[in-house]
Amino acid sequence: MGEAKRRQQTGSPSPRKRSRMGLVFTGLVIIALAVVAVLYYLTQPSLTGPGELPDVAEDTPGFPSQLDRYGVSVGSDDAEVVVREFADYQCPACARFADASQRLKEEYVDSGEVRFVFFDLPLPQHTHAMTAAMAARCAGDQDGYWAMHDRLFEEQSNWESLSDASGQFSDYADDLGLDTRRFNRCMESELHREAVEESRQVARQLQVASTPTVLVNNIPLNRPGWEQLSAVVERELNEQ
């Protein structure tokens, strides 16, 4: 079943600056929805055989789309197929998958067929992962999220070993034509740390521990890459 047919409207995402009461409510929502989501991960049967595309049983619950507000999405809200990625900007496998996600946006998202949602899952062993995630979101305040997202993966080998990557991220912001003073203030104040932590909490509640974890609707890919991603997307579109 298509993602759009599963979804229920839940209203606009909460604003960046929430009251303390709003934060408590947000936490309760995450926990409540995660109960359903964890059951989904624990109970879904695998229908994948050797050489076959990944699939799940017809009665497997859909991904709890209310959680999408904690990621960053692009594409039509009415898209029948939603691709979700949980990733870490310092993860080498995530950098390799970035080419596939960029191609997905060009070939399917821009046409309105697919919506793409990126969830931050900075891993503790990666020193700059949290900073990179905040950099993308600070760029997003100036409509530069996806440009910075792509740049961080493209240039991963140039900043991953630095003792402090903040200056490099500021240079990227300048290259992308962003207001660097505004970007630097955002980074220094860690304005988006809470949003990144919320995204990471969603991953934990869903028992997502590895990156990249990629799902097409409610189907987890077992070999994330363009070949499998595009094949599963095409199959899901054809089944609508």
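What is the handedness of the link of Cys138 and Cys186? I looked this up at the outset and found the link left-handed, with -85° about the S-S bond.

**Basis.** I am working on a predicted model, in which local features need pLDDT of at least 70 and side-chain atom pairs count only at pLDDT 80 or more, while totals for chains, interfaces and linings use all residues. Residues are numbered from 1 along each chain as its sequence is written, and side-chain values use heavy atoms, with hydrogens and water left out.

**Entry 1, disulfide.** I took a disulfide to be a pair of cysteine sulfur atoms within 2.5 Å. My search of the whole structure returned one disulfide. Its partners are Cys138 and Cys186, whose sulfur atoms lie 2.1 Å apart. The pair links distant parts of the chain, since Cys138 belongs to helix α4 (residues 129–140) and Cys186 to helix α8 (residues 180–188), 48 residues apart. For these labels I used DSSP runs numbered from the N terminus, with helices being H or I of at least four residues and strands being E of at least two.

I called a residue buried under 20% relative accessible area, exposed over 50% and partly exposed in between, using a 1.4 Å probe and protein chains only. Why does Cys138 count as buried? Cys138 counts as buried because its relative accessibility is 2%. Cys186 is likewise buried, at 7%. I also looked up Cys91, which is buried at 4%, and Cys94, which is buried at 0%.

I paired rings of Phe, Tyr and Trp (its six-membered ring) if their centres lie within 6.5 Å; planes under 30 degrees apart count as stacked, over 60 as edge-to-face and the rest as tilted. How many aromatic pairs does this rule give? The count comes to ten. In one of them, the rings of Phe63 and Phe119 have centres 6.4 Å apart and planes at 45°, so I recorded the pair as tilted. This pair also links distant parts of the chain: Phe63 sits in the loop between α2 (20–43) and β1 (72–74), and Phe119 in strand β3 (residues 114–120), 56 residues apart. Both Phe63 and Phe119 are buried. Ring pairs join Phe63, Phe86 and Phe119 into a cluster.

Tyr145 and Trp146 are both buried. Helix α5 (residues 145–154) is mostly covered, with eight of its ten residues buried. Among them I listed Met148, His149, Asp150 and Arg151.
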